[in-house]
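Please read the numbered points with the sequence and the model side by side.

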Amino acid sequence: PKIIIGSSTIRGYVRELRDIYHIPKVVRVRDHEAVEELPMGQQVQVDWGEITVKNKEKKPVKLYFITFVLSHSRYKYVEWLDKPFTTRDTIHCHEKAFQFFGGI
């Protein structure tokens, strides 16, 4: 049987375990800074996303995408899947994007 638990329940449980066993909460701060501007055609930004659309029968279907955007020209390449991306899918999409952009 599947048990559905809210995220606040899990956070409370973990908080209680930390108190009982004196486990410190490690806060990781990510440093963000501007990347040095590279020559045209040498930098691409990659991101994943998902969207829910309706199919022909008007039922919701979740689609997943990966998008590549060249930094200077804003030229774009997108791949769509009907399932979440695996590492293999991601690598394959990178290879196809490089081929599409004429890069290596």
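1. Basis of the note. This is a predicted model, in which local features need pLDDT of at least 70 and side-chain atom pairs count only at pLDDT 80 or more, while totals for chains, interfaces and linings use all residues. Residues are numbered from 1 along each chain as its sequence is written, and side-chain values use heavy atoms, with hydrogens and water left out.

2. Strand 1 and strand 2. Helices (H or I, at least four residues) and strands (E, at least two) are taken as DSSP runs, numbered from the N terminus. Strand 1 and strand 2 are antiparallel and are paired over 11 bridges; two strands count as paired if DSSP finds at least two bridges between them. Within this pairing, D47 has T67 of strand 2 as its bridge partner.

3. The turn at K58. The two strands form a hairpin with five residues between them. K58 is located in this loop, between strand 1 (44–54) and strand 2 (60–70). Although K58 is not a glycine, its phi is positive, about 65°. For context, most residues other than glycine have a negative phi. K58 counts as exposed because its relative accessibility is 62%; the classes are buried under 20% relative accessible area, exposed over 50% and partly exposed in between, with a 1.4 Å probe and protein chains only.

4. Strand 2 and strand 3. Strand 2 also runs antiparallel to strand 3, and six bridges join them. F68 is paired with Y77 of strand 3 as its bridge partner. The hairpin of these strands has five residues between them, and R74 takes a positive phi near 65° there. R74 belongs to the loop between strand 2 and strand 3 (76–81). Its relative accessibility is 43%, so R74 counts as partly exposed.

5. The nonpolar core. Which residues make up the largest nonpolar core? The seven are Y64, I66, F68, Y77, F85, C93 and A97. Strand 2 and helix 2 each supply at least two residues of this core, and strand 2 gives the most, with three. Here a nonpolar core is a set of buried Ala, Val, Leu, Ile, Met, Phe, Trp, Tyr and Cys residues joined through side-chain atoms within 4.5 Å.

6. C93 is in contact with I66, F68, Y77, E79 and F85, leaving aside neighbours within four places in sequence; contact means heavy atoms within 4.5 Å. T90 lies in helix 2 (residues 87–101). Is T90 buried or exposed? T90 is buried, because its relative accessible area is 16%. Residues up to four places away in sequence not being counted, T90 touches W48, I66 and F85.

7. The largest pocket. The volume of the largest pocket is about 160 Å³. Of its 10 lining residues, G41, Q42, L70, F98 and G103 are the closest to its centre. The lining has five nonpolar, five polar and no charged residues. For these classes, Ala, Val, Leu, Ile, Met, Phe, Trp, Tyr, Cys and Pro count as nonpolar, Asp, Glu, Lys and Arg as charged, and the others, Gly among them, as polar. A pocket is defined on a 1 Å grid over the protein atoms alone, as an open set of points where a 1.4 Å probe fits, with protein on both sides within 12 Å along at least five of seven lines; lining residues have an atom within 4 Å of a point. Grid points are joined across faces, edges and corners, and the volume is the space filled by probe spheres set on them.

8. Q43 and the separations to helix 1. Q43 is placed in the loop between helix 1 (7–21) and strand 1, and counts as partly exposed because its relative accessibility is 21%. Apart from residues up to four places away in sequence, Q43 touches V35, L38, V69, L70 and S71. The C-alpha atoms of Q43 and Y21 are separated by 47 Å, with the two residues 22 apart along the chain. I20, in helix 1, is 40 Å from D47, C-alpha to C-alpha, and 27 residues from it in sequence.
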